[in-house]
Amino acid sequence: REVSEIFKQVLGLSRVGVNDDFFELGGHSLLATQVIARVREALGVEVALKELFEQPTVAGVAARVDNGGGEGIPPITRVGRDIPLPLSYPQERIWFICQLDPQNVSYNVPRVLRLKGRLSLELLERTVTELMRRHEILRTTFPSVEGRPVQLVHAPTTYRMSVADLSGLDEQEREQELMRVIEAESRRVFDLEAGPLLRLLLVRMGPFEQVLVLVEHHLIHDGWTQGVLVRDVMAIYGAYAEGKPSPLEELEVQYGDFAAWQRQWVSGEVMSRQLEYWRRQLEGARGLLELPADRVRPAVASGRGGEQILEVSGELGGRLRELSREQGATLFQVMLAGFKVMLNRYSGEQDILVGTGIANRRRRETEGLLGMIINTQVLRTDLGGDPSFEELVGRVREVTLGAYENQDVPFDRVVEELGPERSLSYNPIAQVFFTFFDVPMEEMRLPGIEIEEIEAHNRSAKFDLGVIVLLPSEQRVGLGGVEQPGEIRIVFEYSTDLYEEETIRRMM
């Protein structure tokens, strides 16, 4: 009953049969991680992700619980704030990159919303004020103490929104100026020591139309954070609009507690065991995947980038998901296998290494936190021996499952362990990135407001080529058994040091 209830909660279903397949009901690896976290919390048993893939039913998980399970992950607890808090491992990596190039804006994360209707600036400011009180990470700065970065949490203050008024311009000038404002905001450098690392600008377009430009630094943001932010804003603004207080319960822990916990837990034997896995997995790999490029690779990468978008029809998306079910794999694994075939054809290499991001939120306490928790992993697949596509999916599946079980060790430590040749012109170990944006995400709604998202890109690229698969929002909230309509959007982010638009369009 406990396991069945957990499946229903995570998948958003009213009923789950004991022998229903979790992945056929709409589950994927990120939701599977949530199942494992809830089983750990409710039943005190550690179920491995690979075991859930092998026995993806209530009955299978319950049997594993009965057999005891493996080594558990310790809970996250609050720590004192009397001394500065450490950075988490992923934060530290980004912080050091920003020290090397303080003008680098590739870690600025913009989001732009067009709001039509009677928006209350006062309610919006109160909402952001409450949001910053609720989440310490939104009022955290990152000074250096004795040469090491620390997290410094500041006291809550009343938030005042920056406002720009374009309503006096004619329509064409207004839209042109809006695009200029969005680009300028997206590319404005953050001061990591002074903060804040969250900026909001409200652009007035007319009496009942505004555009909200939100930019966060990656030190306080990852893909999961976006879903939490949307949910919290809707709940708080909606309550304030009705004259009620925020309905959200206080958080058990804050991001600083997670960072301190991560430093303590991912060390010693845990660190050694996972490092050994990655050493075995990646040893002997070539340091650079040379895809045919339009330009000679510069001695120092500029970080400048472009973006192209590929829309996959709902019909084709449905066939891809059907293939995934037939292969006992996730949609991520099937599409990654297809991407690796493309890289094989372009490069002529059989040993293909691709970077990816993993949410790394293995404790339930982290599900409601804002902040940078995602970790980078490198997935290596051998395409030798002329495998069928089904065989290749099997190889990719095994590699991803092994990576999930060893997801805690920070990528920088993996790089240090392997000691690859370092260069300022490309990323170590993996220069190509492939990731899914499949975090729980609700459609943004505010009372009396019609909301439309505006595409925003800060014209930067962290990799030679980065591919991000965006599932429609209704597929990301775990609605489960009924196949949802809607296209799959694939974003190709590329280095303009290397590629022209036409080359990327051919890849797409």
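Start at asparagine 344, which is in contact (heavy atoms within 4.5 Å) with Glu349, Gln350, Ile352 and Leu383, once its neighbours within four places in sequence are set aside. Asparagine 344 has a relative accessible area of 17%, so it counts as buried (under 20%, with a 1.4 Å probe and protein chains only). You'll find asparagine 344 in helix H12, residues 331-347; helices here are DSSP runs of H or I with at least four residues, numbered from the N terminus.

A word on the model: it is predicted, so local features need pLDDT of at least 70 and side-chain atom pairs count only at pLDDT 80 or more, while totals for chains, interfaces and linings use all residues. Residues are numbered from 1 along each chain as its sequence is written, and side-chain values use heavy atoms, leaving out hydrogens and water.

Now look at phenylalanine 339. Ignoring residues up to four places away in sequence, Phe339 touches Val354, Val432, Phe433, Phe434, Leu465 and Val467. The largest nonpolar core has 146 residues, and Phe339 is one of those touching the most other members, along with Phe7, Val203, Leu343, Phe434 and Leu465. Such a core is a set of buried Ala, Val, Leu, Ile, Met, Phe, Trp, Tyr and Cys residues joined through side-chain atoms within 4.5 Å.

Over to a helix pair. The axes of H10 (residues 268-282) and H13 (residues 389-405) come within 10 Å and cross at roughly 155°; axes are lines fitted to C-alpha atoms over the stretch in contact, with angles from 0 to 180 degrees between N-to-C directions. H10 and H13 are therefore roughly antiparallel (over 145 degrees). Gln274, Tyr277, Trp278 and Gln281 in H10 meet Val399, Gly402, Ala403 and Glu405 in H13.

Conventions: Helix = DSSP H or I, 4+ residues; strand = E, 2+ residues; numbered from the N terminus. Parallel < 35°, antiparallel > 145°, perpendicular 65-115°, else oblique. Buried < 20%, exposed > 50% of the residue type's maximum accessible area, 1.4 Å probe, protein only.
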